[in-house]
Amino acid sequence: MFKADISDADAVSSLFESVEQTLGQVNLVVNNAGVVENSLMMTMAEAAWDKVVDTNLKACFLVCQQAARVMSRNRFGRILNIASTCGFVGTVGQVNYSASKGGVIAMTRSMAKELSSYNIAVNCITPGFIETDMTEGFESSPQGKQVLKKILMSRPGTVEEVANMAAFLLSDDNSYMTGQSVVLDGGLSV
């Protein structure tokens with residue numbers, strides 16, 4: 001197992017060196033780091049903004065930047081970023097989270113344009129309400145019950161459903177998609 005503070009550029013560079021020395025050429029990268037620090041915007045502490053943006057957006061950029069350097073040498077790669085539907089629609093009490101995930105969506109599109117000439121595809125999954133440790137207890141909260149009413153499929157998604165989409169986007173079966181954000185939210189954003 002490899003560990004690094006992915007919000008630190010030197011640590012990301014060292015991480016890639018260790019992975020390449022141990023496992024070989026890096027062809028696939030998934031950026032899935034994410035945290036929340038919920039608070040209304042007017043009372044949000046600067047530290048809460050920084051923590052979420054550093055983890056969700058800056059770290060994603062640093063990993064993508066290093067991956068692009070490695071993959072461009074090999075003239076092949078696939079980068080998959082995990083964002084959120086909050087990046088499209090915003091969420092009360094999550095201005096920092098929504099901004100960070102919206103940044104990941106925009107960054108994915110820009111990176112796809114920059115990296116396509118190196119045969120590097122960059123895509124994004126934008127999940128809605130997915131049952132994870134981060135959302136534990138949310139389903140039974142008043143806000144969670146309201147969200148569930150808006151999901152056309154009447155249930156939260158599962159980690160396995162996100163993993164299945166990720167597997168497809170990283171596979172050879174997906175040879176012609178780049179710069180896209182695949183919404184996986186059970187119809188929440190419809």
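**Figure 1. Salt bridge between Glu161 and Arg155.** In this predicted model, Glu161 and Arg155 form a salt bridge, with their closest N and O atoms 2.6 Å apart. A salt bridge is defined as a side-chain nitrogen of Lys or Arg within 4 Å of a carboxyl oxygen of Asp or Glu. Glu161 counts as partly exposed at 30% relative accessibility, and Arg155 is partly exposed with a relative accessible area of 35%. Here buried means under 20% relative accessible area, exposed over 50%, and partly exposed in between (1.4 Å probe, protein chains only); the areas come from the Shrake-Rupley method. Local features need pLDDT of at least 70 and side-chain atom pairs count only at pLDDT 80 or more, whereas totals for chains, interfaces and linings use all residues. Residues are numbered from 1 along each chain as its sequence is written, and side-chain values use heavy atoms, with hydrogens and water left out.

**Figure 2. Salt bridge between Arg73 and Glu20.** The whole structure contains four salt bridges. In one of them, the closest N and O atoms of Arg73 and Glu20 are 3.7 Å apart. Arg73 belongs to helix α2 and Glu20 to helix α1, so the pair ties together parts that are 53 residues apart in sequence. Helices (H or I, at least four residues) and strands (E, at least two) are DSSP runs, numbered from the N terminus. Arg73 is exposed, at 57% relative accessible area, while Glu20 is partly exposed, at 25%.

**Figure 3. Salt bridge between Asp172 and Arg78.** The side chains of Asp172 and Arg78 meet in a salt bridge, at 3.7 Å from N to O. This pair links distant parts of the chain, 94 residues apart: Asp172 is in the loop between α6 (159-170) and β4, and Arg78 is in strand β2 (residues 77-82). Asp172 is exposed, with a relative accessible area of 65%, whereas Arg78 is buried, with 8%.

**Figure 4. Cysteines without a disulfide.** A disulfide is a pair of cysteine sulfur atoms within 2.5 Å, and by this rule the count is zero. The cysteine sulfur closest to that of Cys64 is in Cys60, at 4.2 Å, which is too far for a bond. For Cys86, the closest cysteine sulfur is in Cys124, at 13 Å, again too far for a bond. Cys64 counts as buried at 1% relative accessibility, and Cys86 counts as buried at 13%.
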